[in-house]
Amino acid sequence: MLLLAIMAVVMPPAAIIPVHGMVQLGSNFSRASMTLRHINLRLILWFAPGALLGAWLGSLFLVELPLALIQLCIALFILLLCWGPPIPAIATGPVGTLLAAAATTFVSLFVGATGPLVAAFVKQQQQGERFSTVATFASAMCLQHAPKAIIYGAAGFVFADWLGLILVMILAGALGTWLGLHLLRRLSDRRFTLIFNILLTLLAVRLIWQAVAAYWV
């Protein structure tokens, strides 16, 4: 989400979400590759068809949705998942995972960064275990961002015009992942969960601020 905010300052609006999607696909692929043995394959097997369903539905309604409302909904769900009671087991089970994948992938086509919501969901599903949370989240985001290339390409976006910037940003993301994993090894699961929740909360507060500011403007 911070990356989206920076890109919005220096890039034309039509390029932000498709370019962001490709950069995040590359960054999350490198992160998943570096943490391959920690990926929860059971979750990913249910997340994949949900992501495809959400992407297909999104391609049918590739229009501008009320951004402020979406931002508020995402922020409130993040806060609930971080600080509320544990969500029922059925919600983190196969059906819940499929529905969460479909919903977040659908929304990501319009707002770009639903990562914090997926991260909060995966953290609860993995019960805060730091390496499986990072690895599984990265794999889920690969599945969520991959369809954007097809959908936005079919809609007429020319990715070749931005290929150089995309590749450089992916390499920078891989370096950040390498450094981050070294830091992750120094953290306990308990401290990781606390830091993770605080960062997600700050992003949720930022979303609420953006939504309220847009409403008053």
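Student: Which residues does Phe47 touch, leaving out those up to four places away in sequence?
Tutor: In this predicted model, Phe47 touches Thr97, Ala101, Thr104, Val118, Ala140, Leu143 and Gln144, once residues up to four places away in sequence are set aside.

Student: And which residues touch the most other members of the largest nonpolar core?
Tutor: That core has 34 residues, and those touching the most other members are Phe47, Ile74, Ile78, Val118, Phe137, Leu184 and Leu200. Two or more residues come from each of α3 (41–60), α4 (67–83), α6 (94–111), α7 (115–125), α8 (130–154), α9 and α10 (189–216), with α8 giving the largest share, seven residues.

Student: What lies apart from it?
Tutor: Another core, of 17 residues, lies apart from it, and its members include Leu4, Ala55, Ile166 and Met169.

Student: Switching to helix pairs, how do α2 and α9 cross?
Tutor: The axes of helix α2 (residues 13–34) and helix α9 (residues 163–184) come within 8 Å and cross at roughly 35°, and the crossing is right-handed.

Student: Which residues meet there?
Tutor: From α2, Val19, Met22, Val23, Gly26, Ser27, Ser30, Arg31 and Met34 meet Ile166, Met169, Ile170, Gly173, Ala174, Thr177, Trp178 and Leu181 of α9. By class, this contact of α2 with α9 has ten nonpolar, five polar and one charged residues.

How values were computed:
Residues numbered from 1 in each chain as written. Predicted model: local features only at pLDDT ≥ 70, side-chain atom pairs only at ≥ 80, totals over all residues. Heavy atoms only, no water. Axes fitted to C-alpha atoms, helices over the stretch in contact; angles between N-to-C directions. Helix = DSSP H or I, 4+ residues; strand = E, 2+ residues; numbered from the N terminus. Left-handed = near helix turned anticlockwise from the far one by under 90°. Contact = heavy atoms within 4.5 Å. Nonpolar A, V, L, I, M, F, W, Y, C, P; charged D, E, K, R; others polar. Core = buried A, V, L, I, M, F, W, Y, C linked by side-chain atoms within 4.5 Å. Buried < 20%, exposed > 50% of the residue type's maximum accessible area, 1.4 Å probe, protein only.
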